[in-house]
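I opened a new structure today and kept notes as I went. Here is what I looked up, entry by entry.

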Amino acid sequence: MINLRTIYKVIGSLLFIEAFILFACFGMALFYGEDDAMAFLLSVFISLFTAFILRYLGRNSNNTLSRRDAYLVVTLSWIVFSFFGTFPFTLSGYIHGFTDAYFETMSGFTTTGATIIDDVEVFPHALLFWRSLTQWIGGLGIVFFTVALLPSMVGGSVQVFAAEATGPIKSKLHPRLSTSAKWILTVYLVLTIACIGCFILYGMNWFDAVNYSMTTTATGGFSTHNSSTEYFHSPALEYICTIFCFLSGVNFTLLYTAVVKRRFKALFKSSEFKFYLSVVILFSLFIMLELMINRGYDLEPAFRSGVFQVVSFITTTGLFNDDAGQWPHVTWVILATCMFIGACSGSTSGGFKCIRVVMLLKTIRNEFKQILHPNAVLPLKVNDTNIPYQKRGTLLAFLTMYLILCLLASFVLMMAHIDSTNSITIILSCIGNVGPTLGLEIGPTMSWSMLPGFVKWVCALLMLIGRLEIFSVLVILSPAFWKDN
């Protein structure tokens with residue numbers, strides 16, 4: 001049976017945290033004296049009222065979660081967090097309609113970065129800060145933050161972590177999960193603070209620096225200006241953004257080992273990191289040459305635009321310093337490939353993940369060997385660790401479901417009279433939590449406001465499925481999940 005009492009208790013506890021965050025945004029609204037203060041105050045009261053009810057329903061719970069409970073509580077947490085996160089937008093009147101508000105909030109928490117806002121610069125400071133904050137929280141995961149900050153609040157945290165963590169191979173820094181979570185959160189905080197400092201040093205005001213650093217390290221992509229980083233006309237800021245996006249796409253456990261423990265060789269012993277770095281270098285050079293040959297760019301602007309967009313797409317950040325929609329169409333193929341691949345597992349990025357691509361390539365290599373030597377027993381090793389057959393099967397199942405979802409959802413969008421290029425890249429963007437899209441109707445620098453309402457709901461669902469890596473959400477829809485045994 002589903003342990004409803006504990007689920008009520010966990011979600012109620014999470015809503016207390018969301019209410020506290022909303023109250024901080026209320027303080028910012030008062031500081032700037034803008035018209036969204038009442039919207040945040042009402043959002044706080046609504047969240048607190050619901051949290052108290054859920055905590056009451058979860059009284060006397062045994063504070064333990066089974067594996068089945070964990071998958072349900074993680075999925076519900078993201079849905080509920082996004083639902084209550086819509087209130088500042090709707091109550092303030094800056095976003096009209098629940099569908100658009102929910103799309104924007106889900107896009108924030110899943111760090112997708114797709115937006116339905118045509119003119120973000122008319123928004124008050126507190127609402128812009130709330131948008132960025134949703135991405136920063138969602139970067140590591142809503143429940144992950146709770147495990148790191150308040151480990152006693154979530155029962156069965158090991159199962160919860162397994163349901164929310166990204167990548168096929170889970171690595172820990174410490175035997176205690178809460179300690180590992182705190183170290184990873186520390187790495188995340190250090191990256192964010194260092195990014196803020198660099199942005200301020202090179203000319204951003206403190207408000208822009210805080211917002212852009214949160215969405216950069218979360219690889220989210222929301223910005224406080226319509227033209228994203230292009231607004232600043234600063235090559236230095238673009239290079240800083242590229243560096244921190246790239247670092248945020250590295251496995252945080254590996255980053256901790258390399259920097260804090262000073263084992264830099266660990267980076268270049270990692271098959272996943274080497275593949276990630278190689279893809280970024282090769283794709284950036286290809287786009288740089290294309291821009292120089294076919295668009296007349298000079299060397300430095302071509303290199304800067306190429307590496308910025310490749311890193312932005314492969315880390316699923318979605319910030320832009322140029323309009324890639326105006327580039328040669330062959331570069332769209334490269335950027336769409338980046339959208340699919342994604343960065344490293346255990347990072348804040350989305351996508352298929354480099355580790356899975358490495359595993360697939362090694363599986364293909366083994367298949368060629370197996371044809372020549374039918375009786376050979378060929379291990380599949382990643383970083384000197386043998387991958388068991390069960391994980392290989394899971395990898396192929398994940399790839400199959402990824403492609404099926406992309407095909408079905410693209411078909412739905414084409415039925416809604418959206419052109420094929422946009423349909424395919426919108427779905428890749430949603431399920432990979434990327435943000436921008438490629439096409440003629442909706443380009444990489446445009447909002448998604450023109451999409452029909454039901455398409456926005458499809459996209460929001462795909463964002464959630466992509467962020468929780470497909471099976472964590474889809475397993476809840478299977479009949480076996482709800483059987484008592």
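**Entry 1: terms and ground rules.** I call a residue buried under 20% relative accessible area, exposed over 50%, and partly exposed in between (1.4 Å probe, protein chains only). This is a predicted model, where local features need pLDDT of at least 70, side-chain atom pairs count only at pLDDT 80 or more, and totals for chains, interfaces and linings use all residues. Residues are numbered from 1 along each chain as its sequence is written, and side-chain values use heavy atoms, with hydrogens and water left out.

**Entry 2: the whole chain.** I found 21 helices and 2 strands. Both are DSSP runs numbered from the N terminus: helices are H or I with at least four residues, strands are E with at least two. The radius of gyration is 22 Å, close to the 23 Å from the globule rule for 485 residues, so the chain is as compact as a globular protein of that length. That radius is taken over C-alpha atoms, and the rule is 2.2 Å times the number of residues to the power 0.38. The C-alpha atoms fill a box of roughly 65 × 55 × 50 Å along the principal axes. Of the 485 residues, 59% count as buried.

**Entry 3: a nonpolar patch.** Which residues make the nonpolar surface patch of about 450 Å²? I listed Met 38, Leu 42, Phe 45, Ile 46 and Leu 91. Patch members have over 30% relative accessible area and no salt bridge; like charges are joined within 9 Å, nonpolar side chains (Val, Leu, Ile, Met, Phe, Trp, Tyr) within 5 Å. A salt bridge is a side-chain nitrogen of Lys or Arg within 4 Å of a carboxyl oxygen of Asp or Glu. Areas come from the Shrake-Rupley method with a 1.4 Å probe, and for residues only the protein chains shown count as cover. Helix H2 (residues 37-57) gives the largest share, 4 residues. Met 38 sits in helix H2 and is exposed, because its relative accessibility is 52%. Leu 42 is also in helix H2, but it is partly exposed at 38%.

**Entry 4: cysteines.** A disulfide is a covalent bond between the sulfur atoms of two cysteines. My cut-off was a pair of cysteine sulfur atoms within 2.5 Å. How many disulfides did that give? The count is 0. Cys 195 is buried at 0%. For Cys 198, the closest cysteine sulfur is in Cys 195, at 6.8 Å, again too far. Cys 198 is partly exposed at 26%.
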